[in-house]
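Please look at the sequence and the model below before reading on. The text that follows goes through its parts in turn.

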2 protein chains.
Amino acid sequence: MEMKKNLLVGQSGGPTAVINGSLYGVITEGLQNKEAIGHVYGMLNGIEGFLKGNVMDIENDISDNDLELLKTTPGSFLGSCRYKLPEDLADPVYEKLFAKFDELNIGYFFYIGGNDSMDTVSKLSRYADKTGSSVRVMGVPKTIDNDLVQTDHTPGFGSAAKYVATTVREISTDASVYDTKSLTIVEIMGRHAGWLTAAGVLARKFKNDNPVYIYLPESDFSTDEFLADVKKGFETNNNLVVCVSEGIQDATGTFICEYSGEAGVDTFGHKTLTGCGKYLENLVKDKLGVKVRSIELNVSQRCSSSMLSLTDLNEAAAAGSFGVAAALKGETGKMIAFNRINAADNAYALNYSLVDVNEVCNKEKTVPVEWITGNGNDVSQEMVDYIRPLIQGTPVVPEKDGLPLFLYRK
Amino acid sequence: MEMKKNLLVGQSGGPTAVINGSLYGVITEGLQNKEAIGHVYGMLNGIEGFLKGNVMDIENDISDNDLELLKTTPGSFLGSCRYKLPEDLADPVYEKLFAKFDELNIGYFFYIGGNDSMDTVSKLSRYADKTGSSVRVMGVPKTIDNDLVQTDHTPGFGSAAKYVATTVREISTDASVYDTKSLTIVEIMGRHAGWLTAAGVLARKFKNDNPVYIYLPESDFSTDEFLADVKKGFETNNNLVVCVSEGIQDATGTFICEYSGEAGVDTFGHKTLTGCGKYLENLVKDKLGVKVRSIELNVSQRCSSSMLSLTDLNEAAAAGSFGVAAALKGETGKMIAFNRINAADNAYALNYSLVDVNEVCNKEKTVPVEWITGNGNDVSQEMVDYIRPLIQGTPVVPEKDGLPLFLYRK
C-alpha cells in the first residue's frame with residue numbers, strides 16, 4: 001500500500017479578519033479525510049519560514065476547542081511573509097523547497113494569500129509539473145482589497161467592507177453633532193483598487209446622506225473638482241463626510257499623497273509623506289477655511305473581530321475546504337473562485353469553482369468605470385447591490401472578561 | 001391646583017457611545033413620572049441652540065420603538081455645542097435663558113456633559129438660586145476621558161476603554177504576523193488624563209504581552225528613555241506594541257506632539273502638527289532604524305456601537321433616571337456620582353449619589369501617580385482591577401442589512 005501523503009498549509013501577505021477562517025476550512029477538511037491524508041502540518045511565516053525549517057504540527061498541537069477559537073481570530077495564525085520566489089524555476093531555492101516537501105512527505109500544499117501568494121502557487125505548481133513532483137499546489141484567495149481576477153469577490157473583503165460601512169456610519173453620526181459647517185475626510189485602504197472605499201456607500205441611510213462623496217483610485221482625482229464638490233455639498237449639508245481611497249491619483253498618475261511631500265519636511269529633515277486625507281485636510285483648510293478633519297482608518301479595517309461578516313467568514317472557510325477536496329481529486333495549480341448565482345428571487349447565492357492560478361496572479365481587478373458615477377465622486381447602485389450581501393450576518397466571537405478571545409501559537 | 005412643570009434635557013461637549021443612554025434614562029424616567037412632570041422637551045445643540053429657540057418635543061416626536069433605538073445610538077441625538085456661559089451672572093444671557101425656561105414652563109433641566117457642561121449647570125443653578133427661580137438644574141456626567149472628580153468613573157469611559165482594549169489586542173495580533181522586528185505605536189485620546197490610554201493594559205493576555213509599554217500624560221515623557229525602553233523591549237519581543245496618550249509631555253511641560261511642528265512645514269507653508277505617535281514613529285525610524293508605524297485611534301474611540309460595554313450603557317441610563325428622581329425630590333445644582341461598593345466577594349457593585357456640581361466643574365481627575373509604574377512606562381494592577389469591571393457585557397444593537405441601526409432626528 002502506498003504511504004499516505006501529508007497536507008501542508010501556509011499563509012502569506014497582509015492578514016485579514018477571516019484568513020484564519022480559510023485556515024480553519026483547510027484544517028478541518030484535511031482532518032476529515034484521514035483515509036487519504038496522512039498528517040496535517042502548517043508552515044510558519046509562509047514560504048520564507050518554511051525554508052528555514054519552521055513547521056508546526058497542527059494535528060497534534062491544535063485541539064478541537066482551539067480550532068473553534070481559530071476561526072474568529074484575526075491576523076495570520078501561522079505567521080506571514082512577503083517573499084517572492086525567483087522567476088527562474090532553475091533557481092536552487094525550488095529544489096530546496098521541494099526537498100523539504102519530500103522530507104515531510106507532503107502531497108498537498110495550500111497557500112492562503114493574495115496576488116503575490118498566487119504567484120507563488122503558480123511557480124510551485126509549474127515547478128512540480130516540470131520535475132514530475134506529485135505535490136499538488138493550491139491557492140486559497142484572501143485580500144481585503146478584493147482585487148483578484150476570476151472570482152466574484154475575495155474572502156476578507158466582506159468583513160473589511162462591513163468595518164468600513166459601519167465605521168463611516170458611526171463617524172458620520174459623530175460628525176453631525178455640532179451646528180457649524182464641518183468636513184470629515186475618511187481615508188480608506190486600497191492603493192490601486194477602490195472596492196473597499198466604495199463600501200462606504202453602504203453607510204448611507206437615504207439619498208444624499210453621508211458619505212456625500214466617494215473618490216476611488218480608478219477615477220482621475222482633481223483637487224479643483226474636489227474643492228468644488230465640497231462647496232456644493234455644503235449647500236445642502238452642514239456636516240459633510242467624504243470617503244477617499246489612499247490611492248487616489250490625478251490625471252498625470254501621481255498619487256495625491258505624494259504631493260504632501262513636495263514642500264514638507266519633518267523635524268528630522270525627512271520629507272513628510274502623509275496620507276491623501278491629511279493632504280486634502282490641509283488643502284481645504286487653506287482654500288475654504290472651514291472646519292475640517294481627516295481620519296485614516298487604520299489596520300482595524302483588516303483585523304477587527306467585532307465587525308466580522310458571517311457571510312465572509314463562512315465563505316472563507318468553505319474556500320479552504322473546497323480547495324482540499326479538489327486537491328484530493330487530483331487538482332493542482334488552481335485557485336478557488338467564487339461565482340455569484342443569479343437566483344430567481346434575487347437572493348444571494350454562491351458556488352465554488354477552480355480557476356487556473358496563472359490566470360489570476362499578477363493581474364488586478366479594479367472597479368469597472370461604469371460603476372463610478374457623478375463627476376467621479378460617487379458609485380452606482382450596482383456597487384451597493386454587489387457589496388451588500390457580502391457584509392451580512394454576525395458570528396459569535398468567544399469572549400473572556402469583556403474582550404474577544406483569540407488563539408495564538410504557543 | 002398648581003400647573004405641573006415641564007422637563008428639559010440637553011447634551012453638550014464631545015459625544016460618547018453612551019451619552020444617548022443617559023438621554024434615554026432621563027426621558028424614560030420623565031415619562032414615568034407624569035403625575036409630577038407636565039411634558040418632556042429636548043434642547044437642540046445645547047444651551048447655544050436653546051438660546052436660538054431650538055427645542056424638540058420629545059414626548060410627541062419619539063415613539064417607544066425610537067426610544068429603544070436611541071439607547072444604543074452613538075453621538076449626541078439632540079446635537080451638541082461648545083458654549084461657555086459668562087462668569088458674571090448679571091450678564092443678560094441668563095435673563096434671556098430663564099425667560100425661555102419660563103416660556104416652556106420648565107421646572108427641571110438636565111444637562112448631560114463633561115467638565116464644561118458642569119460649569120453650565122453650576123452657573124444656571126446659582127442664577128436660579130440668586131433670582132429665586134424654581135427651575136431645578138442637574139448635571140448628568142459623560143466623558144470618555146474619565147476626568148471628572150467626585151465620582152468613581154464617568155459614563156462613556158467604559159465603552160471607550162472597551163474599544164481601546166479590544167482594538168489594541170487586535171492591532172497586536174495584526175502586528176505579530178511577520179518575523180521581522182517591528183514597533184507599533186498606538187496613540188490614544190486623552191490630553192491631560194491618561195485613563196483611556198491606560199485601558200490598553202487590558203489587551204495583555206499574560207505578563208510582558210503587548211502592549212509592552214504604556215505612557216500617560218501624568219508622567220514626564222523622555223524621548224531618550226522611550227528609545228531605551230524600545231531597545232530593551234526588542235530583547236524579548238520581536239513585534240513591540242506600545243500605547244501613548246495624545247497628551248504625553250516632557251519634563252518642561254511641552255507636549256511631545258508640539259515638537260513635530262518645530263521644523264516641519266506642509267505643502268501650504270503651515271507648521272505641520274502631527275500627533276505624538278507620528279512624531280515618535282519618525283524619531284524611532286531616525287534613531288533605531290527599525291520598522292515602525294504609528295496608529296492614531298480615531299473618533300471611533302467615542303462613537304463605536306460595536307464595542308459598547310453593557311455595564312457602561314446601563315450605568316449611563318441609570319445616571320439619567322437617578323437625576324430625574326432626585327430633581328423631583330427637590331434637588332438642584334447637583335451632579336450624579338458613581339460610588340463603587342466594596343462587596344465582600346470582590347464583585348463589582350455601584351450605587352448612585354449626588355455631589356455639589358460646584359465641587360466638580362473646572363477640576364480634573366488625573367491618574368494617581370502610584371498607579372503609574374515602571375519607569376513611567378506602565379500601569380499597576382490597581383488600574384487593571386479598576387477598569388476591568390467597566391467594560392463587561394455587550395448590549396444587543398439593532399441591525400438592518402448588516403449594519404447598526406441608529407435613531408436620528410427627522
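**Domains, chains and cysteines**

The C-alpha centres of domain 1 of chain A and domain 2 of chain A lie 34 Å apart. Domain 1 covers residues 5–143 + 151–156 + 307–363 + 392–404 of chain A, and domain 2 covers 157–303; such bounds come from an automatic or database domain assignment. This is a predicted model, in which local features need pLDDT of at least 70 and side-chain atom pairs count only at pLDDT 80 or more, while totals for chains, interfaces and linings use all residues. Residues are numbered from 1 along each chain as its sequence is written, chains are lettered from A and ligands numbered from 1 in the order in which they are written, and side-chain values use heavy atoms, with hydrogens and water left out.

Where the two domains of chain A meet, 16 residues of domain 1 are in contact with 10 residues of domain 2 (contact means heavy atoms within 4.5 Å). About 950 Å² is buried between these domains, and carbon and sulfur atoms give 54% of it. Buried area is the accessible area (1.4 Å probe) that two parts lose on being put together, summed over both. On the side of domain 1, P15(A), G156(A) and M307(A) lose the most area to domain 2, together 51% of what that side buries.

Between the two domains of chain A there are 0 salt bridges (a salt bridge is a side-chain nitrogen of Lys or Arg within 4 Å of a carboxyl oxygen of Asp or Glu).

The next interface is that of the two chains. Chain B and chain A each bring 68 residues to the contact. The area buried between chain B and chain A is about 5,300 Å², with 55% from carbon and sulfur atoms. Across this interface of chain B and chain A there are 6 salt bridges. One salt bridge joins D174(A) to R302(B), with the closest N and O atoms 2.8 Å apart.

What about the cysteines? A disulfide is a covalent bond between the sulfur atoms of two cysteines. Here the term is used for a pair of cysteine sulfur atoms within 2.5 Å, and the structure holds 0 disulfides over all chains. The sulfur of C257(B) has its closest cysteine sulfur in C276(B), 6.3 Å away, which is too far for a bond. For C303(B), the closest cysteine sulfur is in C243(A), at 14 Å, also too far for a bond. C257(B) is buried, with a relative accessible area of 9%, and C303(B) is buried at 0% (buried means under 20% relative accessible area, exposed over 50%, partly exposed in between, with a 1.4 Å probe and protein chains only).
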